[in-house]
Amino acid sequence: MSEDRAPSAAFVRNAAGSLACESTELRALAERHGTPLYVYSAASFRGRYRRLGAACREHLAGLDPIVAYSVKACSSLGILKRLAAEGCGFDVVSGGELLRVARAGGDLGKTILAGVGKTDAELELALEAGVFQINVESAGELARLDAAAKRRRVRARAALRVNPAIDPKTHPHLATSAPTSKFGLELDDARGALAAPERFPNVEFVGLHLHLGSMLRDAHLWEEAFERIAPLLALFPGGSPKTLDVGGGIAIGVGSEPELAPEKWLTRIGPLLRRVGARPILEPGRWIAAPSGALLTRVLDVKNAGGRRIVVVDAAMNDLIRPALYGAVHPIELAARVERAPRAVDVVGPVCESGDFLGKNITLPDPQPGDLLAILDAGAYGFSMASTYNSRPRAAEVLVEKGGDVLLRRRETFDDVVRGELL
Ligand SMILES: *Cc1c(COP(=O)(O)O)cnc(C)c1O
């Protein structure tokens, strides 16, 4: 099988039964770099990006699509640098993310600035940087963009992010297109702006943007959204938009729920994009990053609580907030193969919050203090959401690449945690 079509799973057991990233045992990485530790597979990031690219070449041929990796999923400079080297574009939602792309050597001409509330400074930064387009989310922001472009003496390329007001059928915190969502413009407001371009003389309306939510499994959602935005298409200068940004949100597989295979997704939406004829923009984050990373953590203690078995580990919600924030379920495995009776346990962190757990009712071979656990599918919205809550220094990040391992971010120290504070 070629790497293009089917990247092999990044974390697999080797012949000795030890969990490894590519061919490097997780045990060795934990010994070398300590825990908690984020481990990423370079081959998985590349392989998944290439698989998406191959699907685009097949289903969007001739439309010159841009795959703009959603930086917020995993924003480490070392990851961005490697994706940039593959020719990837980027979707950024803040000035900070834009500066990350620039620092990593990413192509700002293939970078899109999105986000529900951009400051004037962020709009000017994006104009100065010459980003590919700015996705606008309110009439007020459109006026501010017009003013910023005037100050900068440039013409801003703007896409309107519209809210098609459909039910994306995902976790409420992952939905961005419900009727009362804070994201995007209502269709009527988008129509009003497109019908009066003379009100925004320093803005060129280049396209529309949709981002329906995250962990979406059903391509029909896009079909429904395309139907709702269809009446807007003819309002663009020249009778059609230049770009159509379909957002991200492609689901990964979780438990018995399968992924939304990008090939299948593009088979469904490809013909619709073809009919519009605009340059498609895709903004995948999770689908590329999540299976490409794991969080390693060591068991500190085990105890009983009202009939439950509690496994206290050295990673916590400050390292991986997804279980607490979204009720996310991550596979958790013991790194070593051990012959012990399986036992249902709750894996919890040391943070002083009842919400601080990494997995509940997980069956593992009776975990013992000192055991190394791997929390899988943690490459997206893992480290990028980490904080120093409870004054815990943030974890290190390491990349396995070509048989070696590269430190992408050193473990923080107490001095890092209090940097910037004044006594
Ligand atoms: C977060 C986000 C994405 C990426 O979503 P995934 O579910 O990680 O693919 C894409 N576009 C926008 C505008 C976003 O905010």
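Arg46, Arg50, Arg82, Glu86 and Glu401 are linked in a network of salt bridges. A salt bridge here is a side-chain nitrogen of Lys or Arg within 4 Å of a carboxyl oxygen of Asp or Glu. Across the whole structure, a search turns up 31 salt bridges.

This is a predicted model, in which local features need pLDDT of at least 70, side-chain atom pairs count only at pLDDT 80 or more, and totals for chains, interfaces and linings use all residues. Residues are numbered from 1 along each chain as its sequence is written, and side-chain values use heavy atoms, with hydrogens and water left out.

**Salt bridges between distant parts of the chain**

- Arg151 and Glu124 join their side chains in a salt bridge (2.7 Å, N to O). Arg151 belongs to helix α6 and Glu124 to helix α5, 27 residues apart, and the pair links distant parts of the chain. Helices (H or I, at least four residues) and strands (E, at least two) are DSSP runs, numbered from the N terminus.
- Glu124 is buried, at a relative accessible area of 16%, while Arg151 is partly exposed at 46%. Buried means under 20% relative accessible area, exposed means over 50%, and partly exposed is in between (1.4 Å probe, protein chains only).
- Asp346 and Arg308 also meet through their side chains in a salt bridge (2.7 Å, N to O). Asp346 sits in strand β16 (residues 342-348) and Arg308 in strand β14 (residues 308-313), so this pair ties together parts that are 38 residues apart in sequence.
- Asp346 counts as buried at 6% relative accessibility, whereas Arg308 is partly exposed at 38%.
- Glu257 and Arg217 form another salt bridge with their side chains (3.9 Å, N to O). Glu257 is in the loop between β11 (243-245) and α9, and Arg217 is in the loop between β10 (203-209) and α8, so the pair ties together parts that are 40 residues apart in sequence.
- Both partners are partly exposed: Glu257 has a relative accessible area of 43%, and Arg217 has 27%.

**Around helix α5**

- Just after α5 comes Gly130, with a positive phi of about 70°.

**A buried arginine without a partner**

- Arg286 lies in helix α10 (residues 286-289) and is buried, with a relative accessible area of 5%.
- Arg286 has no salt bridge, and the nearest side chain of opposite charge, Asp377, is 9.0 Å away. For charge, Lys and Arg count as positive and Asp and Glu as negative; His and the chain ends are not counted.
- Leaving out residues up to four places away in sequence, Arg286 has contacts (heavy atoms within 4.5 Å) that include Leu174, Met215, Arg322 and Tyr381.

**Helices α8 and α9**

- The axes of helix α8 (residues 220-233) and helix α9 (residues 262-276) come within 10 Å and cross at roughly 10°. That makes α8 roughly parallel to α9, a label for angles under 35 degrees.
- On the α8 side, His220, Trp222, Glu223, Phe226 and Leu233 meet Trp265, Arg268, Ile269, Leu272, Leu273 and Val276 of α9.

Conventions:
Axes fitted to C-alpha atoms, helices over the stretch in contact; angles between N-to-C directions. Parallel < 35°, antiparallel > 145°, perpendicular 65-115°, else oblique.
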